[in-house]
Amino acid sequence: MGMVSGMNENREPEFPRRHARTRKFTLGLPHGAAVSPDGERVLFLRTGSGTDAVARLWLYEGGAERELADPAGLARGGAEPEAERVRRERARTRTAGITSYTADAGVRLAVFTLGGELWAVRTDGSAPFRVPAAGPAVDPRLSPDGTRVAYVTGGALHAVSVEGGDDRLLAAPEGPDVTYGLPEHVAAESMHRDRGHWWAPDGDALLVARVDESGVRRWHLSDPADPAAEPRTVRYPAAGTANADVSLHVVTLAGRRTEVRWDRAAYEYLATVRWDAHGPLLGVQSRDQRTLLTLAADPDTGDTRVLAETRDAHWTRLVPGTPARSASGALLQVTNDTATDTYRLLRDGEPVTPAGLQVRAVLGVAGERVLFTAAEDPAERHVWSYEPGAGCAPLTDEPGHHTAAAGGGTTVVESVTAGGSATRVLAAGRPPAALASRAEEPAIRPRPQRLDGPDGLCSNLFLPSWHSPGDGPLPVLCDPYGGPGLRLAVPARGWWTLVSQWFAEQGFAVLVTDGRATPGAPSWERMNTGNKRDAAVEDQVRGLRAAAAGNPDLDLDRVGIRGWSFGGFLAAAAVLTRPDVFHAAVSGAPVTDARLYDTHYQERFLGDPEKYPEHYDRSSLVGLGHRLSRPLLFVHGLADDNVVAAHTLRLSAELLAAGRPHSVLPVPGASHMISDDAIAENLLWFELAFLRRELNAGAPAYV
């Protein structure tokens, strides 16, 4: 394989190590911004450097940054809480220290936890101080006036004075399977609801979710690498089985408790909750997810009334940030406009965004102004605003993915574009400023070529920087996600594009294709209803053939595929069902039996497994083991409580019984995402060696 002038541009044999120890080049990036209502103060989180995983709390004010709280300077001696929320937050952020915070309405006081202890800090320059709690605290929420902190310990909801003392037990669990103030599994994993208690605007009461998991199936997760360790028991609502029993209550600081009433048998999912100046507002969804009710609740009586009813023949989409209300009480929703095949923002039932502009989330409402994300091109995501009289206006235009937080005349925009990640502060009457990034800069420069394929398929093709057309054939590596959660073929330098380009530098043509059911128009997202496997695989085949038609250097006799989670499922499905196209696969943490994944996610696309067993059969890999004729490598964390290791182990046993050779790489102690730096680093090398060997892809000349 030849070399050309300039080929060293992307030569970085240290990339896997740097990718791992920088947590995919995210450490050191500002994130989690909160803007004060007057636009003068911005709180945000940032680690100390691109390799430091300890997050600190920062303040941007008057054009300058100031550190408010550094965990290293705070004495901690509390017991670590063992709540599922803590484990999931750490897995999501892959950081330590201050991983989240809560602020008062004026953004002058912030509260956070360290080692289960409550800490508070003011923006006036005074030192952080400890807030005494009744036990290891989880999910603190500061009252709007900044006088009290609500928190959960031992499944009970408390509220304590910020100044210390007067800790009130507001709701105590009646049994070992009951919690107050925390989200249940499907709310946190599949419904965008990561909390379970909400303050009233006046700070005198809270809306509190009561979760009873006694009817939810028990699963026992053990660590085979530590036979002395007790198995961890979790309540997991697998498709077709019982969900947690979730109710909602108004609990006052004086001790009065009122249940919020709706038909919980017909609408068992408590999807959204907020308490604004007009009162409690909630969204409840039917088990089949085809109906979503928006309810207003009377906090004194618990009575509810229907403000809006949304129906969909397939499923109603839960859009983050909705429903909401403006200062005047106008109801804000995002619904599927079937006439235009568009997710549109509605104000009191009337669409206020144009056809073709797909609204993805509402970021905030200030007065009558709505801040939201949307785009016409499904590969992009931009920040928009809407205000009556002014209409809709985009706040970002550079291709990429953008999100924002706003207050007063200040908007903080977090962007990921082809140039990397940046956080800008846009304040009325002031020049744009930037929150400093301390992230390491990768040496690799992704070089994606966008390919628009048939019927809406979108792909990015990554070629080696040292390769010129006609140099010779390149083995192909498909590197998709391909599922409903996200798109990867985007015009942004995210960690996934860095990994794709790194594999390309090793001598592959790397193809990332977003097929049907990835985020897009409503009809596009619903194209996998009843079958999550076959269309996803076929779209990878179509994307591959379309790319090869315009790039004759792609060698279709040597095609590999790799992926994680849904991408892992897709990779294994590819070699099992289309061995004529795909010649080797790396499958990370795949769902192999659709019946073993959670209710809200699976039933959205596949329905009730008792009613539609054929949907689950068509969306599973178990039962196909006898068809394997290509090299297949599984990687799975043995402590995974999202996609449990049983998925890989059951299919592996089936393959072994059928006499089908394959490889399994178990990772002891790892959850759904690999958090150990050394393992994450070496996993990339292990995958590379496997793919080179099985695709007869020799190392490029410079390695």
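In which strand is the place of Asn460? Asn460 is placed in strand β38, residues 458-462, and the legends below begin with this residue.

The model is predicted: local features need pLDDT of at least 70, side-chain atom pairs count only at pLDDT 80 or more, and totals for chains, interfaces and linings use all residues. Residues are numbered from 1 along each chain as its sequence is written, and side-chain values use heavy atoms, with hydrogens and water left out.

**View 1. Asn460 in strand β38.** Asn460 is buried, with a relative accessible area of 5%; buried means under 20% relative accessible area, exposed over 50%, and partly exposed in between (1.4 Å probe, protein chains only). The side chain of Asn460 reaches the backbone oxygen of Val490 at 3.3 Å. Such a polar contact is a pair of N or O atoms within 3.5 Å; within protein, one must be able to donate a hydrogen and the other to accept it, and residues adjacent in sequence count only if both atoms are side-chain atoms. Strands (E, at least two residues) and helices (H or I, at least four residues) are DSSP runs numbered from the N terminus.

View 2. Eight of the eight residues of strand β16 (residues 205-212) are buried, so the strand is largely enclosed by the rest of the structure. Ala205, Leu207, Ala209 and Val211 point one way from β16, while Leu206, Val208, Arg210 and Asp212 point the other way. In a regular strand the side chains alternate between the two faces of the sheet. Two strands are taken to pair if DSSP finds at least two bridges between them. β16 pairs in the antiparallel sense with strand β19 (residues 245-252) over eight bridges, with strand β14 (residues 178-180) over three bridges, and with strand β15 (residues 197-199) over three bridges. Val211 of β16 stands opposite Thr179 and has Val246 as its bridge partner in β19, whereas Leu207 in β16 is the bridge partner of Trp198. The hairpin of β15 and β16 has five residues between the strands, and Gly203 there takes a positive phi near 75°.

**View 3. Strand β8 between β7 and β9.** Five of the six residues of strand β8 (residues 117-122) are buried, so β8 is largely enclosed by the rest of the structure. Six antiparallel bridges link β8 to strand β7 (residues 109-114), and three link β8 to strand β9 (residues 129-131), again in the antiparallel sense. Trp119 in β8 stands opposite Phe112 and has Arg130 in β9 as its bridge partner. Two residues separate β7 and β8 in their hairpin, where Gly115 in the turn has a positive phi of about 55°. Six residues lie between the strands in the hairpin of β8 and β9, where Gly125 takes a positive phi near 100°.

**View 4. An open sheet of four strands, β29-β30-β31-β32, with antiparallel pairing.** The edge strands are β29 (358-366) and β32 (391-394), each of which pairs on one side only. The twist averages 25° from one strand to the next; axes are lines fitted to C-alpha atoms, for helices over the stretch in contact, and angles run from 0 to 180 degrees between N-to-C directions. Five bridges join β30 (residues 369-375) to β31 (residues 382-387), and Leu371 has Ser385 in β31 as its bridge partner.

**View 5. The largest cavity.** The whole structure contains two cavities of 30 Å³ or more, and about 190 Å³ of space lies in the largest cavity. On a 1 Å grid over the protein atoms alone, a cavity is a set of points where a 1.4 Å probe fits but cannot get out, a pocket is an open set with protein on both sides within 12 Å along at least five of seven lines, and lining residues have an atom within 4 Å of a point. Grid points are joined across faces, edges and corners, and a volume is the space filled by probe spheres set on the points. Of the 19 lining residues, Leu292, Thr310, Arg317, Val334 and Thr335 are the closest to the centre of the largest cavity. The largest share of this lining, four residues, comes from β26.

**View 6. The second largest pocket.** This pocket has a volume of about 340 Å³. Its lining comprises 18 residues, of which Asp288, Glu603, Gly607, Asp608 and Tyr612 lie nearest the centre. Helix α8 (residues 599-606) supplies the largest share of the lining, four residues.
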